[in-house]
Every structure is written in structure tokens, then in C-alpha cells.
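Colleague: Please show the model, and then we can go through its side chains.

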Amino acid sequence: MLNENIKRLRKSKGLSQEELAIKLNVVRQTISKWENGLSVPDSSMLILLAEELDTSVSVLLGESVKEYGSDDIKAISEKLEVINLQLANRSLAKVKTIRWILISVSVLIVLVFIALACMNSSYLNWNYNNHELAVAGTMMHGFEFLFVRLAPIVFLGCVIGIVMTYKKR
């Protein structure tokens, strides 16, 4: 909700992200991250942001009943802490999902390699005078040809991706 309010109020004031960033002494990417919900401003920046957008902090946070003064930073900080925790949990869930997808792709590649090794290209001995067997054998050979060349690259990419998801942030 905070990200939507920042974006809506900035646009209603006719400010670009760059103009708002200059007024707050931050880079444009910071404003973009706030508006996309990738991060949130700290409590002192939230007060400055509210002043630049001619609104109150409570409106930015999505409340309309209670007004917070500049001296009530503790309550604002608690709300921002909750928002930051939610963002961190969402980010962690995305990383875990990506990690499991990469692990699944890696396991699938290994299983297909094992299956191809067990088949030992037996389709090469088929009677290619039979049209149906010729088509099936050609498709099998094409698949094996591409898989053996591309799978190691994909597997290496998956392993690197898995290692990167375990890096400390």
C-alpha cells in the first residue's frame, strides 16, 4: 500500500521520479524501488517524503484516522519494520522457489542423461525402411544430439544459480 500511495501522490503532484529524487537528495532508482515495493524509506525519509508530497505520514502508510507528528518516529519505525519484514519474507520465498526450480532442472538433466546412457542409442539399429521407425529414430537422434550438447551448459548454469541462492545477502 505504501508503494502505491507514493506513486499516486507523486503523479498527482506532477513530479517525475527524477524530480522527487532530487528534492529528497536520493537517486531516481531509490524512488523506483519504493514505488515497486522492493524497499521502503526509513522513518526520517518518510517524514521528508510526506512533506514533499504535501501529505501526512499516516496517509502515505494508508491510514486516514490517526495523524502522526514528526516526533512520533517510533510508531512510524514500527510500521516500517513490519513492512521491511514482509518484503524480506517475500524476497526469501522467491529465492527458495528459484532454488527448487534450479534443483529440479538439474535432477531432470541427470535423469535424462542416465536414461540416454541406458538406451545406448539402440534406435540406431532400427530398420529405417519402416517409415514410422525412421521418423521416430530420427526424432530420438535429434533429441539426443541437441540434449548432449545443450544440457551440460544448462546444468552448469543451474549449479551456479543454486550456489548463488545460498550466498549470504
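Colleague: Is Tyr-123 buried or exposed?
Modeller: This is a predicted model, in which local features need pLDDT of at least 70, side-chain atom pairs count only at pLDDT 80 or more, and totals for chains, interfaces and linings use all residues. Residues are numbered from 1 along each chain as its sequence is written, and side-chain values use heavy atoms, with hydrogens and water left out. Buried means under 20% relative accessible area, exposed over 50%, and partly exposed in between (1.4 Å probe, protein chains only). Tyr-123 has a relative accessible area of 1%, so Tyr-123 is buried.

Colleague: How many aromatic pairs are there?
Modeller: Rings of Phe, Tyr and Trp (its six-membered ring) pair if their centres lie within 6.5 Å; planes under 30 degrees apart count as stacked, over 60 as edge-to-face and the rest as tilted. By this rule the count is three.

Colleague: Which kind of pair do Tyr-123 and Trp-126 form?
Modeller: The centres are 6.3 Å apart. With 70 degrees between the planes, the pair is edge-to-face.

Colleague: Which kind of pair do Phe-143 and Phe-147 form?
Modeller: The ring centres of Phe-143 and Phe-147 are 5.6 Å apart. Their planes lie at 25 degrees, so the pair is stacked.
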